[in-house]
Amino acid sequence: LEKKVENKLILQEKYGLEINPNIPMIGLANRLTEQKGFELIIKLLDFLLKQNLQIAIIGSGGGIYVDILRTIKRKHAKKLLFVSPFREEIARKIYAASDIYLMPSRFEPCGISQLISLRYGSIPVVHAVGGLLDTVTDYNPKTGRGNGFIFTSYSSNDLLFALSRALENYQRQSAWQTLVRRAMKESYSWTLPAKKYIALYRKAIRKRKLNNNK
């Protein structure tokens with residue numbers, strides 16, 4: 001966690017963004033498709049980039065989104081990082097440097113990007129569908145519970161509201177750091193479920209042996 005600010009500063013310098021450790025950085029590393037919510041993102045980008053924040057996007061995909069993002073990048077060179085095609089090593093740097101991770105997928109059967117973002121301490125903002133809803137719980141600042149920010153209606157207005165909540169909570173750095181630490185500790189690996197399956201299997205074997213001996 002102590003490397004997160006350093007990672008942000010390095011990324012800002014490398015890609016010509018304003019060097020500022022305190023400015024919130026929103027990351028996104030995904031395919032540039034309508035399924036991944038880029039229709040909503042494009043609608044909001046100009047407005048978002050007028051705010052005190054930076055956005056780092058890397059992805060491959062539809063030419064229309066690439067062209068639009070390159071055009072917007074020229075207008076907001078100090079605030080928008082856009083790299084295409086996708087490169088894993090740059091994606092990892094964006095995860096490591098960003099404070100908030102954007103994944104407003106229209107549908108998402110599973111989703112792994114939000115899990116990677118949690119591991120890197122980049123708090124996800126997601127649409128309440130599929131695997132995103134299975135793995136991200138809405139943050140409640142009063143109780144301190146939750147690991148991200150969720151919006152339910154697939155619309156740019158709802159996405160903006162969820163993102164605004166994330167940015168507002170980012171300003172409360174003490175509570176935000178607690179949220180980040182909790183997110184980084186979460187585990188979605190097969191290690192624990194596999195142990196449970198093995199324990200259940202051994203229990204079934206013992207029960208069968210017991211029944212056969214009666």
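Q: If exposed means over 50% relative accessible area, buried under 20% and partly exposed in between (1.4 Å probe, protein chains only), is Ser 174 buried or exposed?

A: Ser 174 is exposed, because its relative accessible area is 64%. The model is a predicted one, in which local features need pLDDT of at least 70 and side-chain atom pairs count only at pLDDT 80 or more, while totals for chains, interfaces and linings use all residues. Residues are numbered from 1 along each chain as its sequence is written, and side-chain values use heavy atoms, with hydrogens and water left out.

Q: And where is Ser 174 placed?

A: Ser 174 belongs to helix α8, residues 173-185, where helices (H or I, at least four residues) and strands (E, at least two) are DSSP runs numbered from the N terminus. Between Ser 174 and Leu 1 there are 173 residues in sequence but 14 Å in space, taken from C-alpha to C-alpha.

Q: Switching to charges, how many salt bridges does the structure hold?

A: The structure holds 10 salt bridges, each being a side-chain nitrogen of Lys or Arg within 4 Å of a carboxyl oxygen of Asp or Glu.

Q: Which residue does Asp 99 pair with?

A: Asp 99 forms a salt bridge with Lys 8, and their closest N and O atoms are 2.8 Å apart. This pair links distant parts of the chain, 91 residues apart, since Asp 99 is in the loop between α4 (88-97) and β4 (100-103) while Lys 8 is in helix α1 (residues 4-14). Asp 99 is buried because its relative accessible area is 8%, and Lys 8 is buried as well, with a value of 2%.

Q: What about Arg 165, who's its partner?

A: Arg 165 has a salt bridge to Asp 138, with 2.9 Å between the closest N and O atoms. Arg 165 lies in helix α7 (residues 156-170) and Asp 138 in the loop between α6 (130-135) and β6 (149-151), so the pair ties together parts that are 27 residues apart in sequence. Arg 165 is buried at 19% relative accessible area, whereas Asp 138 is partly exposed at 35%.

Q: OK, and where do Glu 39 and Lys 43 lie?

A: Both lie in helix α2 (residues 38-48), 4 residues or about one turn of the helix apart, and their side chains meet in a salt bridge with an N to O distance of 4.0 Å. Glu 39 is partly exposed, with a relative accessible area of 32%, and Lys 43 is exposed at 55%.

Q: Back to α4, which of its residues are buried?

A: The buried residues of α4 are Ile 90, Ala 91, Ile 94, Tyr 95, Ala 96 and Ala 97. They pack against α1, β1 (25-29), β2 (54-58), β3 (80-83), β4 and α5 (113-119), where contact means heavy atoms within 4.5 Å.

Q: Is Ser 105 buried or exposed?

A: Ser 105 counts as buried because its relative accessibility is 0%, and its place is in the loop between β4 and α5. Leaving aside residues up to four places away in sequence, Ser 105 touches Gln 35, Lys 36, Gly 37, His 127, Val 129, Leu 132 and Tyr 154.

Q: Last one, where is Arg 202?

A: Arg 202 is in helix α9, residues 191-212, and counts as exposed because its relative accessibility is 53%.
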